[in-house]
Amino acid sequence: MILKEIIQKSLEELYEITKLEASLFLPDGTYYAGTMEEEENVEPALLSFLHSGAQFQELLGYYLYRFNEEEDYILVVSGSKTDAKVLGQLALSQIQNLILVDQEKNSKDNFLKSLMEGKVPEAVALAKAEKFRLNLDEKRAVFLIEYMEGNEEDIFEIIQNMGETPEEDVVLNIEDNIIALIKKMQDDEGEEEQRELARAFVDTINAEMMTKVRVSYGSCVNQMMELARSFSEARTALEIGQIFYADQKTISYQKLGIGRLLYRLPEELCETFMKEVIGDNFEGEIDAESLGTIYRFFENGLNVSETARQLYVHRNTLVYRLEKIQKQLGLDIRQFDDAVTFKIAMMVDSYLKWKKRQE
């Protein structure tokens, strides 16, 4: 929950107890949070107080408090003089504490984000970790949750509520539509537990938010200073997954396979490979039906009978299609070596298309 929502809830709870109205305003007089009705005319008192420089004033039936000379908020309370003063002091103290906690959280979040990005020297990191009471030796892993649509705060809340130890996990906004989770892992947990958790995130967010989600994760690390490695792996997995494994909703850096190798090849080398193995026009060489047949054939481990069954065609019909592909491309994908070559060609083609979209 963001600071504004927390303050709003706090002032509403105070109103339920005291029946006194209180609202928070920004220095320019903009309403921020509170319980006063919109039609209530506090503007004259507010403008007078803003220009006075005072810490507290009673004006036109309102009681106005300034947090301090450099703070952004002005608290306005209405009601009987004695009760309003007491409420104002209580509300002022509570809101100040909420802001301090929020500032500390933001500072902690910014530190962890910079640490993941490898921007914090070790000596500084050690000092900051001690300040924020962070255990340096806990086992952790970084998850990246990419969502297509939805409110960031709602997704934050879903992720936090799913954690077994949410107070020890940290959820951070990385960029538009990408959230990072620094997850504490148990000593006996590894890639299998990460995969199960990633699937749970996908299923839960998809069900509650009705939005498409992809989750990537890096290796578990035993030192906080190694978070940058886990984060880099998770980000790489998210990007490589988008290129080569678009149908997969969870992507592990450790399971990227040949995609990890192809991702690091020079574009010129990939183009040369395609020309030499496939020709100048990969898409023009093969029709959609044949391509679909190939995908299903690979999914079934080059098993002709099982592929024919799933495609609802006679085995001879499938053999005919595969022979047709062999004539078109010069590759008999029933043979392991040719199947591997064609699989790599499909992945390289996806990679080159992705590179062009980035230009």
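This is a predicted model: local features need pLDDT of at least 70, side-chain atom pairs count only at pLDDT 80 or more; totals for chains, interfaces and linings use all residues.

Residues are numbered from 1 along each chain as its sequence is written, and side-chain values use heavy atoms, with hydrogens and water left out.

**Exercise 1. Helix H6**

Task: Work out what H6 should span, and find which of its residues are buried.

Solution. 
- Step 1: Helices (H or I, at least four residues) and strands (E, at least two) are DSSP runs, numbered from the N terminus. The expected span of a helix is 1.5 Å times one less than its number of residues.
- Step 2: H6 holds 19 residues (191–209), so it should span 27 Å; its end C-alpha atoms lie 26 Å apart, which agrees.
- Step 3: Buried means under 20% relative accessible area, exposed over 50%, and partly exposed in between (1.4 Å probe, protein chains only). In H6, the buried residues are Glu191, Gln194, Leu197, Ala198, Phe201, Val202 and Ile205.
- Step 4: These residues cover an arc of only 140° around the axis, which puts them on the same side of H6; the arc is taken from the directions from the helix axis to the C-beta atoms.
- Step 5: Asp203, Ala207 and Glu208, on the other side of H6, are exposed.

**Exercise 2. Thr307**

Task: Is Thr307 buried or exposed, and what does its side chain reach?

Solution. 
- Step 1: Look for Thr307 in helix H12 (residues 304–311).
- Step 2: Its relative accessibility is 0%, so Thr307 counts as buried.
- Step 3: Follow the side chain of Thr307 to the backbone oxygen of Asn303, at 2.7 Å.
- Step 4: Set aside neighbours within four places in sequence; Thr307 is then in contact (heavy atoms within 4.5 Å) with Thr293, Arg296, Phe297, Asn300 and Leu318.

**Exercise 3. The second largest pocket**

Task: Which helix gives the largest share of the lining of the second largest pocket?

Solution. 
- Step 1: The second largest pocket has about 420 Å³ of space.
- Step 2: Of its 13 lining residues, Phe244, Tyr245, Asp247, Tyr295 and Lys343 lie nearest the centre.
- Step 3: At least two lining residues come from each of H7 (227–244), H11 (288–299) and H14 (336–358).
- Step 4: H14 gives the largest share, four residues.

Key. A polar contact is a pair of N or O atoms within 3.5 Å; within protein, one must be able to donate a hydrogen and the other to accept it, and residues adjacent in sequence count only if both atoms are side-chain atoms. On a 1 Å grid over the protein atoms alone, a cavity is a set of points where a 1.4 Å probe fits but cannot get out, and a pocket is an open set with protein on both sides within 12 Å along at least five of seven lines; lining residues have an atom within 4 Å of a point. Grid points are joined across faces, edges and corners, and a volume is the space filled by probe spheres set on the points.
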